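Biologist: I'd like to learn how to read a fold like this one. Can we go through it feature by feature?

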Amino acid sequence: MSFVSVFDVLGPNMIGPSSSHTAGAAVIAFLAHKMIAPPLKKVDFTLYGSFAKTYHGHGTDRALLGGMMGFNTDDIRIRNSFQIAAERGLAYSFTPCESETDIHPNTVDIRMENTRGQSMTVRGESLGGGKVRISRINGVSVDFTGDYSTVIVVQQDKPGVVAHITKVLSDSNVNIAFMRLFRESKGNTAYTIVESDGRFPEGIAEPLRNNPHVHDVMIVEP
(Lines give C-alpha, C1' and ligand atoms only; values in the text may rest on other atoms or scores of the structure.)
Protein backbone atom coordinates (compact mmCIF):
# COMPACT_ATOMS: atom_id res chain seq x y z
CA MET A 1 0.00 0.00 0.00
CA SER A 2 1.52 3.33 -1.03
CA PHE A 3 1.66 6.24 1.40
CA VAL A 4 -0.01 9.52 0.47
CA SER A 5 0.88 12.57 2.54
CA VAL A 6 -1.33 15.55 3.26
CA PHE A 7 1.02 17.58 1.03
CA ASP A 8 0.24 15.30 -1.92
CA VAL A 9 -3.51 15.83 -1.32
CA LEU A 10 -3.39 19.59 -0.88
CA GLY A 11 -0.72 20.24 -3.49
CA PRO A 12 2.16 22.72 -3.37
CA ASN A 13 2.15 26.44 -2.59
CA MET A 14 2.18 27.95 -6.04
CA ILE A 15 1.51 30.78 -8.43
CA GLY A 16 -0.79 29.69 -11.28
CA PRO A 17 -3.82 27.48 -11.85
CA SER A 18 -2.31 23.97 -12.11
CA SER A 19 0.02 21.92 -9.96
CA SER A 20 1.06 19.94 -13.05
CA HIS A 21 1.25 22.73 -15.62
CA THR A 22 2.60 25.56 -13.50
CA ALA A 23 4.09 24.30 -10.22
CA GLY A 24 5.57 21.16 -11.80
CA ALA A 25 6.91 23.16 -14.74
CA ALA A 26 8.58 25.65 -12.40
CA VAL A 27 10.21 22.82 -10.41
CA ILE A 28 11.57 21.13 -13.56
CA ALA A 29 13.14 24.38 -14.75
CA PHE A 30 14.42 25.23 -11.26
CA LEU A 31 16.26 21.88 -11.12
CA ALA A 32 17.58 22.33 -14.65
CA HIS A 33 19.03 25.77 -13.94
CA LYS A 34 21.04 24.24 -11.07
CA MET A 35 22.85 21.99 -13.54
CA ILE A 36 24.65 24.67 -15.54
CA ALA A 37 27.00 27.42 -14.40
CA PRO A 38 25.43 30.91 -14.37
CA PRO A 39 24.76 33.31 -15.89
CA LEU A 40 22.41 31.93 -18.50
CA LYS A 41 22.41 33.46 -21.96
CA LYS A 42 19.66 31.54 -23.74
CA VAL A 43 17.08 28.85 -23.03
CA ASP A 44 14.85 27.01 -25.49
CA PHE A 45 11.85 24.98 -24.34
CA THR A 46 10.33 22.18 -26.44
CA LEU A 47 6.95 21.16 -25.06
CA TYR A 48 5.17 17.84 -25.55
CA GLY A 49 1.71 16.40 -24.92
CA SER A 50 -0.64 18.56 -22.86
CA PHE A 51 2.22 20.99 -22.19
CA ALA A 52 2.30 21.67 -25.93
CA LYS A 53 -1.47 22.18 -26.13
CA THR A 54 -2.09 24.39 -23.09
CA TYR A 55 1.26 25.93 -22.15
CA HIS A 56 0.20 29.54 -22.70
CA GLY A 57 -3.28 29.36 -21.16
CA HIS A 58 -2.10 27.55 -18.03
CA GLY A 59 0.96 29.73 -17.51
CA THR A 60 3.41 26.89 -18.16
CA ASP A 61 5.57 29.25 -20.19
CA ARG A 62 5.82 31.78 -17.35
CA ALA A 63 6.49 29.01 -14.82
CA LEU A 64 9.26 27.43 -16.92
CA LEU A 65 10.95 30.76 -17.50
CA GLY A 66 10.61 31.69 -13.83
CA GLY A 67 12.12 28.38 -12.72
CA MET A 68 15.08 28.98 -15.04
CA MET A 69 15.68 32.26 -13.22
CA GLY A 70 15.60 30.53 -9.83
CA PHE A 71 12.03 31.37 -8.80
CA ASN A 72 10.27 28.89 -6.52
CA THR A 73 6.71 27.72 -7.21
CA ASP A 74 5.17 30.35 -4.91
CA ASP A 75 7.29 33.28 -6.08
CA ILE A 76 5.00 36.05 -7.34
CA ARG A 77 7.71 37.10 -9.82
CA ILE A 78 6.59 34.15 -11.98
CA ARG A 79 3.70 36.35 -13.17
CA ASN A 80 6.25 38.75 -14.69
CA SER A 81 8.75 36.18 -15.97
CA PHE A 82 8.79 37.54 -19.53
CA GLN A 83 9.54 41.08 -18.40
CA ILE A 84 12.20 39.98 -15.89
CA ALA A 85 13.91 37.75 -18.47
CA ALA A 86 14.05 40.70 -20.87
CA GLU A 87 15.56 42.89 -18.16
CA ARG A 88 18.19 40.23 -17.44
CA GLY A 89 19.04 39.78 -21.11
CA LEU A 90 17.92 36.14 -21.11
CA ALA A 91 16.77 35.03 -24.57
CA TYR A 92 14.12 32.32 -24.68
CA SER A 93 11.78 30.45 -26.99
CA PHE A 94 8.87 27.99 -26.67
CA THR A 95 8.27 25.33 -29.34
CA PRO A 96 5.26 23.01 -29.06
CA CYS A 97 5.84 19.53 -30.50
CA GLU A 98 2.68 17.48 -31.06
CA SER A 99 4.20 14.91 -33.44
CA GLU A 100 5.95 12.89 -30.71
CA THR A 101 3.21 11.11 -28.75
CA ASP A 102 4.98 8.17 -27.09
CA ILE A 103 5.99 10.34 -24.16
CA HIS A 104 4.71 11.45 -20.76
CA PRO A 105 1.92 14.01 -21.40
CA ASN A 106 3.57 16.78 -19.36
CA THR A 107 7.11 16.75 -20.76
CA VAL A 108 9.55 19.50 -21.62
CA ASP A 109 13.05 19.52 -23.11
CA ILE A 110 15.10 22.47 -21.87
CA ARG A 111 18.17 23.45 -23.86
CA MET A 112 20.34 25.89 -21.90
CA GLU A 113 23.34 27.95 -22.93
CA ASN A 114 25.40 30.12 -20.58
CA THR A 115 27.64 33.10 -21.28
CA ARG A 116 30.72 30.83 -21.34
CA GLY A 117 29.34 28.97 -24.35
CA GLN A 118 28.51 25.83 -22.38
CA SER A 119 25.23 24.14 -23.29
CA MET A 120 23.18 21.21 -22.08
CA THR A 121 19.72 19.73 -22.54
CA VAL A 122 17.52 18.42 -19.73
CA ARG A 123 14.21 16.59 -20.11
CA GLY A 124 11.70 16.81 -17.27
CA GLU A 125 8.25 15.33 -16.66
CA SER A 126 5.58 16.88 -14.41
CA LEU A 127 3.90 14.02 -12.54
CA GLY A 128 1.13 15.91 -10.71
CA GLY A 129 0.88 17.68 -7.38
CA GLY A 130 4.08 19.57 -8.09
CA LYS A 131 6.10 16.33 -8.27
CA VAL A 132 8.54 15.95 -11.15
CA ARG A 133 11.09 13.59 -12.65
CA ILE A 134 14.23 14.43 -14.58
CA SER A 135 14.39 11.73 -17.24
CA ARG A 136 17.23 12.79 -19.58
CA ILE A 137 20.45 14.79 -19.49
CA ASN A 138 22.07 15.48 -22.85
CA GLY A 139 20.14 12.61 -24.41
CA VAL A 140 21.13 10.03 -21.77
CA SER A 141 18.22 8.49 -19.87
CA VAL A 142 18.41 9.22 -16.13
CA ASP A 143 15.93 9.17 -13.25
CA PHE A 144 15.78 11.51 -10.26
CA THR A 145 13.15 13.70 -8.66
CA GLY A 146 14.95 16.53 -6.90
CA ASP A 147 13.27 15.57 -3.62
CA TYR A 148 16.71 14.82 -2.16
CA SER A 149 20.02 16.63 -2.24
CA THR A 150 21.56 15.30 -5.45
CA VAL A 151 25.06 15.06 -6.88
CA ILE A 152 25.38 14.34 -10.59
CA VAL A 153 28.81 13.19 -11.74
CA VAL A 154 29.44 13.27 -15.49
CA GLN A 155 32.14 10.74 -16.25
CA GLN A 156 33.70 8.41 -18.75
CA ASP A 157 32.44 4.88 -18.19
CA LYS A 158 35.74 3.49 -16.91
CA PRO A 159 36.65 1.10 -14.09
CA GLY A 160 37.35 2.75 -10.74
CA VAL A 161 35.30 5.93 -11.21
CA VAL A 162 32.34 4.76 -9.12
CA ALA A 163 34.74 3.56 -6.41
CA HIS A 164 36.33 7.01 -6.42
CA ILE A 165 32.93 8.68 -6.01
CA THR A 166 31.86 6.43 -3.12
CA LYS A 167 35.19 6.91 -1.33
CA VAL A 168 34.96 10.71 -1.55
CA LEU A 169 31.40 10.64 -0.22
CA SER A 170 32.31 8.20 2.55
CA ASP A 171 35.31 10.30 3.60
CA SER A 172 32.94 13.30 3.80
CA ASN A 173 30.40 11.37 5.95
CA VAL A 174 27.67 11.64 3.32
CA ASN A 175 24.69 9.38 4.00
CA ILE A 176 23.68 7.94 0.61
CA ALA A 177 19.95 7.38 0.14
CA PHE A 178 20.15 6.29 -3.52
CA MET A 179 23.00 5.83 -5.97
CA ARG A 180 22.57 4.87 -9.63
CA LEU A 181 24.69 4.81 -12.76
CA PHE A 182 23.25 5.71 -16.16
CA ARG A 183 25.24 5.48 -19.39
CA GLU A 184 24.66 5.90 -23.11
CA SER A 185 26.76 2.81 -23.89
CA LYS A 186 29.70 0.85 -22.47
CA GLY A 187 32.84 2.97 -22.23
CA ASN A 188 31.14 6.24 -23.22
CA THR A 189 29.62 9.09 -21.22
CA ALA A 190 27.92 8.04 -18.01
CA TYR A 191 26.11 9.81 -15.17
CA THR A 192 26.40 8.71 -11.57
CA ILE A 193 23.52 10.21 -9.59
CA VAL A 194 23.74 10.19 -5.81
CA GLU A 195 20.84 11.31 -3.61
CA SER A 196 21.35 12.04 0.08
CA ASP A 197 19.04 12.70 3.03
CA GLY A 198 21.11 15.73 4.05
CA ARG A 199 22.81 18.60 2.29
CA PHE A 200 26.19 17.85 0.75
CA PRO A 201 29.23 19.38 2.47
CA GLU A 202 30.56 22.64 1.09
CA GLY A 203 33.30 22.01 -1.46
CA ILE A 204 32.41 18.36 -2.13
CA ALA A 205 32.59 18.92 -5.88
CA GLU A 206 36.35 19.48 -5.96
CA PRO A 207 37.48 16.07 -4.59
CA LEU A 208 34.87 14.40 -6.80
CA ARG A 209 36.44 16.09 -9.83
CA ASN A 210 39.88 14.82 -8.80
CA ASN A 211 39.77 11.86 -11.18
CA PRO A 212 40.91 11.92 -14.82
CA HIS A 213 37.67 10.30 -15.99
CA VAL A 214 35.33 12.77 -14.25
CA HIS A 215 34.23 15.51 -16.65
CA ASP A 216 31.88 17.54 -14.47
CA VAL A 217 30.08 17.58 -11.13
CA MET A 218 26.67 19.17 -10.56
CA ILE A 219 25.05 19.65 -7.17
CA VAL A 220 21.28 20.11 -7.03
CA GLU A 221 19.87 20.98 -3.63
CA PRO A 222 16.06 20.78 -3.19
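Modeller: Strands (E, at least two residues) and helices (H or I, at least four) are DSSP runs, numbered from the N terminus. This is a predicted model, where local features need pLDDT of at least 70 and side-chain atom pairs count only at pLDDT 80 or more, while totals for chains, interfaces and linings use all residues. Residues are numbered from 1 along each chain as its sequence is written, and side-chain values use heavy atoms, leaving out hydrogens and water.

Biologist: How many bridges join strand β4 and strand β5?

Modeller: Two strands pair if DSSP finds at least two bridges between them. Here β4 (residues 119–128) and β5 (residues 131–137) pair in the antiparallel sense over six bridges.

Biologist: What is the order of the strands in the open sheet?

Modeller: The six strands run β2-β1-β3-β4-β5-β6, with mixed pairing. At the edges sit β2 (91–97) and β6 (140–144), each pairing on one side only.

Biologist: Is Ser135 buried or exposed?

Modeller: Buried means under 20% relative accessible area, exposed over 50%, partly exposed in between (1.4 Å probe, protein chains only). Ser135, found in strand β5, has 6%, so it's buried.

Biologist: And which residues does Ser135 touch?

Modeller: Contact means heavy atoms within 4.5 Å. Not counting residues up to four places away in sequence, Ser135 touches Arg123, Glu125, Val140, Ser141 and Val142.
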